[in-house]
Amino acid sequence: MTTLEMPRINAARLWQSLMDLAQVGATPKGGVRRLALTDEDRQGRDRVVGWFREAGLEVRIDEVGNVFGRRAGTDAAARAVATGSHIDTQPSGGKFDGNFGVMAGLEVVRTLNDRGIRTRAPIEVAFWMNEEGSRFTPVMMGSGAFTGVFTPDFVRAQRDIDGLSVGDELARIGYRGQVPAGQVPGGMFGAYFEAHIEQGPILEAKGLPIGVVAGALGQQWYDVVVTGQDAHAGPTPMELRHDALLAAARMIDLVNRIAKDEAPHGRGTVGFAQVIPNSRNVIPGEVRFSVDFRHLAQDGLDRMDAAMHEGFAALARDGQCRVAIEQVCKFEPAQFHPDCVASVRHAAEQLGLPHMDVVSGAGHDAVYLSALAPTGMIFVPCKDGISHNEIEDAQPEHLAAGANVLLLAMLERAGRAD
């Protein structure tokens, strides 16, 4: 295929689709709040499903709310080449995280339709339920159920902070489908690609439009409960206190130190905390907080886990408190399939786009998919490396470049029939 024969996506249409989707759950600061299985998520899902059908895709919805749009291939026995991401957001999320991958996949289909290009293998575009894990835990819930990491019953039983279950909310918004999780017409995908903003600063700093993603850091999430004794702030002497917040603060500092000890690939974050009773003149009797550990190697994660358990136990004793640690999410570091990585690199080279190999520090649905199907990812820069933030931003030309790489990589794997 010569340069002149290579199809190109419609960059203006891609950008407009992203801006139209961003109006659902739009925030005053220019971001998006579209939490999984809320009314805003239903509206976003309805809009994307409508676009799928307008593009001629056959839509199916599985039992945990994952949505797929399928474009038939000419070979009935060929396994589909799929792409996708998610459209749920963080509470103060941006326009591009996840959404770019879904809209880029839709744009691939629209471009194939515009050019009258038939593929040997079917093409599928997916969006996965509750990738963010901000309303319901665990993270990447829909793709986890699809790949057998979680059972559908487990997923539907999970509840948010208000006690509402995934199963009931799926039914309420009309997205509890009938297709068994993991069932794909013709068998599991022959390949899966995911286009995404980098969510970090490396590509922008290097001045490169494309990251060829070789793999992703492993992650382990924990819920921690520190229990002391709430008491009056005035009459209780300092040495007789069982201050759960003071003990928790020291534990949070330890999380940071553990991650720094695992440089350059260790990451440690506490992003959620609740103080009980949360009163100005009461010594806190209970603190609940999260821990997020990430590392490129599983033995690094194991070291971080051991250091946390040992350190938290010692700090609880020192603070005359108790601590309970529950692991709520774990997936090992992922290495993407060399053939799919090569397809992404080849597409960038065909398009004359400067690129570099990168490793993802964030979790993506592609991590779970990589266990069942050959998988690759494409990164494009985001402004200042900022994501999970209302000011998240990306350049239209970078998004178009990533979508064009996705188009050529999928065509290489699916095969042109004409």
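A nonpolar core is a set of buried Ala, Val, Leu, Ile, Met, Phe, Trp, Tyr and Cys residues joined through side-chain atoms within 4.5 Å. Buried means under 20% relative accessible area, exposed over 50%, and partly exposed in between (1.4 Å probe, protein chains only). This is a predicted model: local features need pLDDT of at least 70, side-chain atom pairs count only at pLDDT 80 or more, and totals for chains, interfaces and linings use all residues. Residues are numbered from 1 along each chain as its sequence is written, and side-chain values use heavy atoms, with hydrogens and water left out.

**Stop 1: the cores**

Select Phe-52 and Phe-189. In the largest nonpolar core, of 102 residues, these two touch the most other members. Helices (H or I, at least four residues) and strands (E, at least two) are DSSP runs, numbered from the N terminus. Next, pick Val-224, Ala-259, Phe-289 and Ala-316. They belong to a second, separate core of 22 residues.

**Stop 2: around Phe-52**

Go back to Phe-52. Beyond its neighbours within four places in sequence, Phe-52 has contacts (heavy atoms within 4.5 Å) that include Leu-57, Val-59, Phe-68, Val-102, Leu-106 and Phe-127.

**Stop 3: helices 2 and 3**

Show residues 39-54 (helix 2) and 99-115 (helix 3). Their axes come within 10 Å and cross at roughly 15°. Axes are lines fitted to C-alpha atoms, for helices over the stretch in contact, and angles run from 0 to 180 degrees between N-to-C directions. Helix 2 and helix 3 are therefore roughly parallel (under 35 degrees; over 145 is roughly antiparallel, 65 to 115 roughly perpendicular, the rest oblique). Display Val-48, Trp-51 and Phe-52 of helix 2 with Val-102, Met-103, Leu-106 and Arg-110 of helix 3: these make the contact.

**Stop 4: helices 8 and 9**

Move to helix 8 (residues 244-261) and helix 9 (residues 298-318). Here the axes come within 10 Å and cross at roughly 155°. Helix 8 and helix 9 are therefore roughly antiparallel. Among the contact residues are Met-251, Leu-254 and Ala-259 of helix 8, and Met-304, Gly-311 and Ala-316 of helix 9.

**Stop 5: Pro-333**

Finish at Pro-333, in the loop between strand 13 (322-331) and strand 14 (334-335). Its relative accessibility is 21%, so Pro-333 counts as partly exposed. Leaving aside neighbours within four places in sequence, Pro-333 is in contact with residues including Ala-216, Leu-217, His-295 and Leu-301.
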